[in-house]
Amino acid sequence: MNEKNHATNIEDTSTQESHNEDLKTKELDVSSTKELEDKIKALKKDLDTANKSTLMALADLENIKKRAEKRIIENHKYSLKSFIEALLPVLDSMEKATLFNAQSSESIAIQEGIKMTSKNFSGIIDKFGVREINPINELFDPEKHEAVSMLSDNNMDNGMVSKVLQKGYEINGRIVRAARVIVTQNN
Amino acid sequence: MGKIIGIDLGTTNSCVAIIDSRLPKVVENSEGARTTPSVIAYSENKEILVGHVAKRQTLTNSKNTVYAIKRLIGRKFSDKVIQKDIVKKVSYKVTESDNGDAWVEIKGQKNSTSSSFCRNIKENEKICGRLSRGESR
């Protein structure tokens with residue numbers, strides 16, 4: 001009998017122990033599962049952030065490429081602008097020389113030479129997309145003309161260009177130098 | 001990272017720069033210039049002109065062309081500097097607002113110096129910055 005009770009006690013103890021162990025294992029399982037889930041959440045968040053950064057970096061790269069391409073095209077189109085701007089006073093001087101009232105045959109010959117040189121010069125810069133702005137008798141347009149004076153002229157409407165003091169030039173649509181003009185103003 | 005744009009709103013000229021590949025880069029305006037005159041004009045057909053275009057028509061539209069507007073910001077109309085140096089020397093009308101500030105009158109309408117004019121000049125510079133980055137206006 002005693003042996004039976006002892007055996008039963010032992011069984012109960014071991015059952016209790018295994019039960020306790022089960023409980024502990026379950027607790028461990030629950031806590032480690034929770035930890036793992038939290039870890040997964042954090043990693044997912046990090047992954048999202050990394051993905052967003054990558055996409056933004058790719059978009060930035062694309063924009064930089066587009067801007068670089070645009071800059072290359074613009075540089076090609078307007079590369080001569082500064083050079084032409086520096087040469088314009090030479091053209092202006094030649095054109096003024098052609099307006100001089102030459103008297104002697106020698107002066108007339110020189111003037112003819114200057115006229116031909118000026119025409120040649122204008123032809124060359126025209127090939128590179130440089131266009132003259134000579135707005136005589138046109139409506140004043142501040143996009144291309146600069147008003148330096150206003151004069152009354154009853155033969156013209158208000159706001160018209162009555163005289164061009166200095167021709168303007170543009171290269172491929174961009175102003176190199178605005179034409180300096182006198183604008184009519186009738187009171 | 002958000003877009004970064006820097007505007008130097010000067011008394012005579014303004015300049016705008018953007019951050020491009022982590023470096024500042026000055027942006028050219030529509031005429032290819034790296035600075036833009038701080039001039040704003042209101043044309044007869046209600047168009048607002050800014051920069052070089054506004055400067056070129058100063059003579060034909062002097063009363064509605066505003067320049068050196070920064071000199072008026074933060075000052076009262078009764079200020080000695082305003083009365084001596086500005087009111088009598090500029091082509092546009094400098095007037096007194098309800099609280100005594102120096103404002104500008106254009107086409108019969110009083111305008112605050114900082115809000116209306118500087119905003120329009122800054123807006124133009126921002127547009128240059130956006131176009132430079134390949135964005136729409």
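## How two helices cross

In this predicted model, helix α2(A) passes helix α3(A) in a left-handed crossing. Helix α2 covers residues 81–99 of chain A, and helix α3 covers residues 105–127 of chain A. They pack at an angle of about 150°, and their axes lie 9 Å apart. Angles over 145 degrees count as roughly antiparallel. Therefore α2(A) and α3(A) are roughly antiparallel to each other.

Which residues meet? From α2(A) come A:I84, A:L91, A:M94, A:E95, A:A97 and A:T98. From α3(A) come A:Q111, A:I114, A:K115, A:T117, A:S118, A:F121 and A:I125. By class, this contact of α2(A) with α3(A) holds seven nonpolar, four polar and two charged residues.

## Where chain A touches chain B

Chain A gives 18 residues to the contact, and chain B gives 11 residues. On the side of chain A, three elements of the chain each give two or more residues: α1 (2–78), β2 (145–151) and β5 (174–177). Of these, α1(A) gives the most, with six residues. The side of chain A that touches chain B has nine nonpolar, two polar and seven charged residues.

## A closer look at B:Q57

B:Q57 sits in a loop of chain B, between α1 (52–56) and β7 (65–67). Is B:Q57 buried or exposed? B:Q57 has 23 C-beta neighbours inside 10 Å, so it counts as buried. The cut-off for buried is 20 or more.

Leaving aside neighbours within four places in sequence, B:Q57 is in contact with A:P142 and A:A147 in chain A. In chain B, B:Q57 is in contact with B:A41, B:L49 and B:T65. B:K93 is 36 residues from B:Q57 in sequence, and 17 Å from B:Q57 in space, C-alpha to C-alpha.

Methods. Residues numbered from 1 in each chain as written. Chains lettered and ligands numbered in written order. Predicted model: local features only at pLDDT ≥ 70, side-chain atom pairs only at ≥ 80, totals over all residues. Axes fitted to C-alpha atoms, helices over the stretch in contact; angles between N-to-C directions. Helix = DSSP H or I, 4+ residues; strand = E, 2+ residues; numbered from the N terminus. Parallel < 35°, antiparallel > 145°, perpendicular 65-115°, else oblique. Left-handed = near helix turned anticlockwise from the far one by under 90°. Contact = placed C-beta atoms within 7 Å. Nonpolar A, V, L, I, M, F, W, Y, C, P; charged D, E, K, R; others polar. Buried ≥ 20, exposed ≤ 12 C-beta atoms within 10 Å, placed from the backbone.
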